[in-house]
Amino acid sequence: MESAERVQTPQARAQRVTAAMVASRAGVSTATVSLVANGKTQGRVSEDNISRVRQAIAELGYVVDGIGSSLAKGVSSIVILVAPDISNPFFAKVIAGVREALGSDYQLLLSVTDAGEFPQADDVRKLLALRPAGLLVDAPNALFLEELSITGPLVLLDAPGLEAYAPSVNLDVAHGARELAAHLAESGHTRVAYMDSVTGTATFDVRRAAFLDEARARGVSVADHHTVSTTIDVGAAAAAFAAAWPAWERAGVTAVVCGTDTHAYGVLQEARVAGVRIPEQLAVAGFDDLPYSATSNPSLTSVHLPATPLGLKAGEQLRGLMEGRELEQPQVTLESSLVVRGSTG
């Protein structure tokens, strides 16, 4: 027979504290408890009752029912962040910035997909049943925004060319891409390969187009057959480089530019396995300037993109919309810059 210590009756379990219990302790109505708990006391609840309710809440450990409260208000405290390919470490810093901006008043819910795929509008619309207070969409494309078609508070992140859809916080990735092309040209490279992301979002289109345009203007050749695309994954990038390098080497390619630092890590990894000397035989560069890029072997030349400020500013913009404030600057652009390190000499 099981010992008494192991038997736990429903009565022995912790009882959920309700508003009615707080009201009984404080000697007020449940409506008064609701007003105090939701910060709506001005002109409606006396200071004495406020004090008694707060004391009862503290003594009993009462927690407001967020779902019930959101149903009553018609909106929740949830903010949804839609992001493609969260496997990219860049997003961790974006999320940290968003969380800092939202503070404890809002809960952040992520809507993500498998690597290399962008979230579907139908899937995101299902989440709207949660009545979110606002929506953040990172690196979208126009088709997704048109299919989503929402009317609530919305802010876009890293969405160049899509500013007409909603307030946006963008990165000037084109500036850094042009700086990178100039750096490679000045270093004597004339044949360059490009490793891209398969995600197909606007930000990757912009960084690739800006780099290619500046490279051509400076006499640097990037042939179509010297361009490959993979998911944002070290292993996938390493495999793609292993397959492409023999042909690139025969064609005289002396540098490879990667759409993200994560791609570049894969190239560096496979280059070591293949005995390719970096930067003497092949220069390697990326975008994002992730923390590991400064300490990799060799350290990675990268276009610095301010991930945390991107999330922070987008969160601030969305918070303003959710709280009914008019944005002083609906469209914000953050600068990018080239950080030259050992991987390009």
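# Close-up views of a predicted model

Figure 1. Phe-241 and Trp-245 both belong to helix 10 (residues 234–250) and are four residues apart, about one turn of the helix. Helices (H or I, at least four residues) and strands (E, at least two) are DSSP runs, numbered from the N terminus. The model is predicted: local features need pLDDT of at least 70, side-chain atom pairs count only at pLDDT 80 or more, and totals for chains, interfaces and linings use all residues. Residues are numbered from 1 along each chain as its sequence is written, and side-chain values use heavy atoms, with hydrogens and water left out. Phe-241 and Trp-245 are both buried. Buried means under 20% relative accessible area, exposed means over 50%, and partly exposed lies in between (1.4 Å probe, protein chains only). Together with Trp-248, Phe-241 and Trp-245 make up one aromatic cluster. Rings of Phe, Tyr and Trp (its six-membered ring) pair if their centres lie within 6.5 Å; planes under 30 degrees apart count as stacked, over 60 as edge-to-face and the rest as tilted.

Figure 2. Tyr-194 and Phe-211 form a tilted pair, because their ring centres are 5.9 Å apart and their planes stand at 40°. This pair links distant parts of the chain: Tyr-194 is in strand 6 (residues 192–197) and Phe-211 in helix 9 (residues 202–217), 17 residues apart. Tyr-194 counts as buried because its relative accessibility is 1%. Phe-211 also has 1% relative accessibility, so Phe-211 counts as buried. The pair of Phe-241 and Trp-245 is stacked, with 5.6 Å from centre to centre and 25° between the planes.

**Figure 3. Phe-211 in the largest nonpolar core.** The largest nonpolar core has 66 residues. Such a core is a set of buried Ala, Val, Leu, Ile, Met, Phe, Trp, Tyr and Cys residues joined through side-chain atoms within 4.5 Å. The residues with the most contacts inside this core are Leu-136, Leu-180, Phe-211, Trp-248, Leu-282 and Val-284. Not counting residues up to four places away in sequence, Phe-211 touches Ala-177, Leu-180, Ala-181, Leu-184, Val-192, Tyr-194, Val-222 and Val-257. Contact means heavy atoms within 4.5 Å.

**Figure 4. Strand 5 and its partners.** Strand 5 (residues 168–171) pairs with strand 11 in the parallel sense over four bridges. Two strands pair if DSSP finds at least two bridges between them. Leu-171 is placed opposite Leu-334 in strand 11, and Ser-168 has Gln-331 of strand 11 as its bridge partner. Strand 4 (residues 154–157) also runs parallel to strand 5, and two bridges join them. Leu-156 has Ser-168 of strand 5 as its bridge partner. From strand 5, Ser-168 and Asn-170 point one way, Val-169 and Leu-171 point the other way, and all are buried. Strand 11 (residues 331–334) has a covered face made by Val-332 and Leu-334 and an uncovered face made by Gln-331 and Thr-333.

Figure 5. Most residues other than glycine have a negative phi, and most peptide bonds are trans. The bond from Ile-278 to Pro-279 is cis, with omega near 10°. Pro-279 lies in the loop between helix 11 (261–274) and strand 9 (283–288). Asn-297 and Pro-298 are also joined by a cis peptide bond, with omega about -5°; Pro-298 is in the loop between strand 9 and strand 10 (301–304). Asp-158 is not a glycine, yet its phi is positive, about 50°. Asp-158 is in the loop between strand 4 and strand 5, and Asp-158 is buried, with 4% relative accessible area. Asp-289, also not a glycine, has a positive phi of about 55° and lies in the loop between strand 9 and strand 10. Its relative accessibility is 12%, so Asp-289 counts as buried.

**Figure 6. Confidence in the model.** The protein has a mean pLDDT of 87, and 89% of its residues reach 70 or more. Over residues 1–14 the pLDDT is below 50, and this stretch has two contacts in the model beyond near neighbours in sequence. pLDDT is the predictor's confidence in each residue, from 0 to 100. Residues 70–74 also stay under 50 in pLDDT, and the model gives them six contacts beyond four places in sequence.
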